[in-house]
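Hi,

Here is the structure I promised to pass on. Have a look at it first, and my notes on what turned up follow below.

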Amino acid sequence: MAISYPYRVFRYQVEIDGIARAGFSEVSGMDSTGLTKFGNITLRWGTSDDSDFLDWIYSVAPKNSAPPTGMVRHDVTVTLLDDTGAPGPSWKLINAWPVRYAVPDLNALGAEVAIQTLELCHEGLEMTPGGPAGAPSTI
């Protein structure tokens, strides 16, 4: 079975407005620290070729930090993908906005933009359990 997900090695798919915008290899900070306080979510080792997503990330420039006011906020869904590319559990970040990002050294062999670290602040977190895992990939 061919995997149609374009970021196959990146097991966390990031969606904004229901559209897959990026893929990441690592996610941390999904735990809540209290009833009304949530920590920032950090996504690591990702890539994207979506210009709207990249413009949103770059809105924290030029100081690579941003105050919470005046930022465009989106509901962001982070979905874990299994070996076949089938969706597993997902986490919805309510009213999220980028607060910090870093890019690695660039490589001219690809058209995607690499993202070393992206930190998102948010106003709430909802987890949706995934279905049963798919069969292991033969690739």
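Gln13, for instance, has its place in strand E1. Also keep in mind that this is a predicted model.

Overall layout: the chain has one helix and seven strands, and along the sequence they come in the order β-β-β-α-β-β-β-β. There are 139 residues, of which 35% count as buried. Among contacts with a separation of 6 or more, 61% are between residues 24 or more positions apart. The exposed surface comes to about 8000 Å², with carbon and sulfur atoms supplying 55% of it.

Now the inside. In soluble globular proteins, nonpolar side chains tend to be buried together. Here the largest nonpolar core has 27 residues, and Val14, Phe24, Leu43, Phe53, Val76, Val78 and Leu118 are those with the most contacts inside it. Strands E1 to E6 and helix H1 each supply at least two of its residues, and E5 gives the most, with six.

Val78 is worth a click. Leaving aside neighbours within four places in sequence, its contacts are Tyr12, Gln13, Val14, Val27, Met30, Leu43, Pro89, Ser90 and Trp91. Back to Gln13 from that list: is it buried or exposed? Its relative accessible area is 12%, so Gln13 is buried, the cut-off being under 20%. The side chain of Gln13 also makes a polar contact of 2.7 Å with that of Glu15.

Next, the rings. A search of the whole structure finds two aromatic pairs. One is Phe53 with Trp56, a tilted pair at 6.3 Å centre to centre and 45° between the planes. These two are about one helical turn apart, because they sit three residues from each other in helix H1. Phe53 counts as buried at 2% relative accessibility, and so does Trp56 at 6%.

The other pair is Tyr58 and Tyr101, with ring centres 5.5 Å apart and planes at 50°, so this pair is tilted too. It links distant parts of the chain: Tyr58 is in the loop between H1 and E4, while Tyr101 is in strand E5, 43 residues away. Tyr58 is partly exposed at 33% relative accessibility, whereas Tyr101 is buried at 17%.

One last item involves a charge and a ring: the charged end of Arg73 sits over the ring of Trp97, 3.9 Å from its centre.

Cheers

Note on methods: Residues are numbered from 1 along each chain as its sequence is written. This is a predicted model: local features need pLDDT of at least 70, side-chain atom pairs count only at pLDDT 80 or more; totals for chains, interfaces and linings use all residues. Side-chain values use heavy atoms; hydrogens and water are left out. A nonpolar core is a set of buried Ala, Val, Leu, Ile, Met, Phe, Trp, Tyr and Cys residues joined through side-chain atoms within 4.5 Å. Buried means under 20% relative accessible area, exposed over 50%, partly exposed in between (1.4 Å probe, protein chains only). Helices (H or I, at least four residues) and strands (E, at least two) are DSSP runs, numbered from the N terminus. Contact means heavy atoms within 4.5 Å. A polar contact is a pair of N or O atoms within 3.5 Å; within protein, one must be able to donate a hydrogen and the other to accept it, and residues adjacent in sequence count only if both atoms are side-chain atoms. Accessible areas come from the Shrake-Rupley method with a 1.4 Å probe; for residues, only the protein chains shown count as cover. Rings of Phe, Tyr and Trp (its six-membered ring) pair if their centres lie within 6.5 Å; planes under 30 degrees apart count as stacked, over 60 as edge-to-face and the rest as tilted. A charge sits over a ring if NZ of Lys or CZ of Arg is within 6 Å of the ring centre and within 35 degrees of the ring normal.
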